[in-house]
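Subject: Structure handover

Hi,

Here is the structure I promised to pass on to you. Please open it beside this message, and then read on for what turned up.

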Amino acid sequence: MARIASEEMKQRLKVYFIMGSVNCKKPPLEALTEAIDGGITLFQFREKGSGALVGEQKYELAKQLQAICQKRGIPFIVNDDVELALAIDADGVHIGQDDEDARIVREKIGDKILGVSAHNLEEAQAAVAAGADYIGVGPIYPTKSKADAKQAQGPGIIRLLRDHGIAIPIVGIGGITAENAGEVMSAGADGVSVISAIASASSPLLATKQLAQAVFNNE
Ligand SMILES: Cc1ncc(COP(=O)(O)OP(=O)(O)O)c(N)n1
Ligand SMILES: Cc1nc(C(=O)O)sc1CCOP(=O)(O)O
Ligand SMILES: [Mg+2]
């Protein structure tokens, strides 16, 4: 298997849903199925926060969510847990600045998708040098879904990265909704990644459709 092409990665990032069992209003398998029906293009399993599953239970949920993604052709990314990603043969891994070093992760996962969080130009340049397939830039807006999130930067951080030559695929993250997704795209993002805009909605199906519409109207 070869590394994902940049253009394909950009398409995959359009509507990127991130979820773990602690995030959803509905049972996780139901929430993911509705999100896929609504038009998500990529999924990240992020089993994190108070009450998150560990060990065998985490592994089993990952396998069940992965099976849904595989059936529907949606790539399955694992947050933080490189060993889990390798154990279940996930499509990729997302890591942040406080996780394992991106160069080492690239060596471990070979051609699988590697996403890296970046909050400024230096981190973005380092992620490119380490072989990231995309960077997640945030928080764009205030978020309640990540306890240790940094201060919101606004969409201008994405424009700044583009203006300084960061050409790899970029996805915005943090407080993104159907109402503000357009300005994230207009700033130069290839897509938006969300937890609560879909997972906390009473209808993940409708919420995803609204988000996708906002994204594709502002490409
Ligand atoms: C697409 C995307 N972007 C950023 C993050 C955040 O990663 P990280 O900084 O490692 O924080 P945690 O998600 O691990 O709490 C992400 N998960 N996905
Ligand atoms: C997982 C995550 N990472 C962030 C970062 O800034 O790197 S913000 C965030 C939480 C995103 O959740 P919501 O869409 O509910 O705001
Ligand atoms: Mg992390």
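This is a predicted model: local features need pLDDT of at least 70, side-chain atom pairs count only at pLDDT 80 or more; totals for chains, interfaces and linings use all residues.

Residues are numbered from 1 along each chain as its sequence is written, and chains are lettered from A and ligands numbered from 1 in the order in which they are written.

The fold

The strands β1-β2-β3-β4-β5-β6-β7-β8 form a closed barrel of 8 strands with parallel pairing. Helices (H or I, at least four residues) and strands (E, at least two) are DSSP runs numbered from the N terminus, and two strands pair if DSSP finds at least two bridges between them. On average, neighbouring strands of this sheet are turned by 25 degrees against each other, direction ignored. Against the sheet packs helix α10 (residues 204-216), which touches β1 (15-19) and β8 (191-194) and has a direction about 140 degrees from that of β1. For these angles, axes are lines fitted to C-alpha atoms, for helices over the stretch in contact, and the range is 0 to 180 degrees between N-to-C directions.

One pairing to look at is that of β6 (residues 134-137) with β7 (residues 170-173), parallel over 3 bridges. There, Val137 stands opposite Gly172 of β7.

The annotated site

An unreviewed UniProt entry gives a "binding site" at Gln44, Phe45, Arg46, Glu47, Lys48, Asn79, Ser117 and Lys146; the positions are in the numbering used here, feature names are shortened, and annotations may be inferred rather than shown by experiment. Phe45 belongs to strand β2 (residues 42-45) and is buried, with 28 other C-beta atoms within 10 Å. Leaving aside residues up to four places away in sequence, Phe45 touches Gly20, Ala62, Leu65, Phe76, Val78 and Asn79 (contact means C-beta atoms, placed from the backbone, within 7 Å). Arg46 sits in the loop between β2 and α3 (55-72) and counts as buried, with 22 C-beta neighbours inside 10 Å. With the sequence neighbours up to four places away again left out, Arg46 touches Ile18, Met19, Gly20 and Asn79.

Ligand 2

Ligand 2 is surrounded by 17 residues, the closest being Gly138, Thr143, Ser145, Ile195 and Ser196 (near means a C-beta atom, placed from the backbone, within 6 Å). The shell divides into 8 nonpolar, 8 polar and 1 charged, where Ala, Val, Leu, Ile, Met, Phe, Trp, Tyr, Cys and Pro count as nonpolar, Asp, Glu, Lys and Arg as charged, and the others, Gly among them, as polar.

Backbone details

Most residues other than glycine have a negative phi, and most peptide bonds are trans. Gly138 is joined to Pro139 by a cis peptide bond, with omega about -5 degrees; Pro139 is in the loop between β6 and α7 (156-163). Asp80, in the loop between β3 (76-79) and α4 (82-87), has a positive phi near 70 degrees. Asp89 has a positive phi near 55 degrees and counts as exposed, with 9 C-beta neighbours inside 10 Å.

Happy browsing!

Note on methods:
Two residues are in contact if their C-beta atoms, placed from the backbone, lie within 7 Å. A residue is buried if 20 or more other C-beta atoms lie within 10 Å of its own, exposed if 12 or fewer, and partly exposed in between; C-beta atoms are placed from the backbone.
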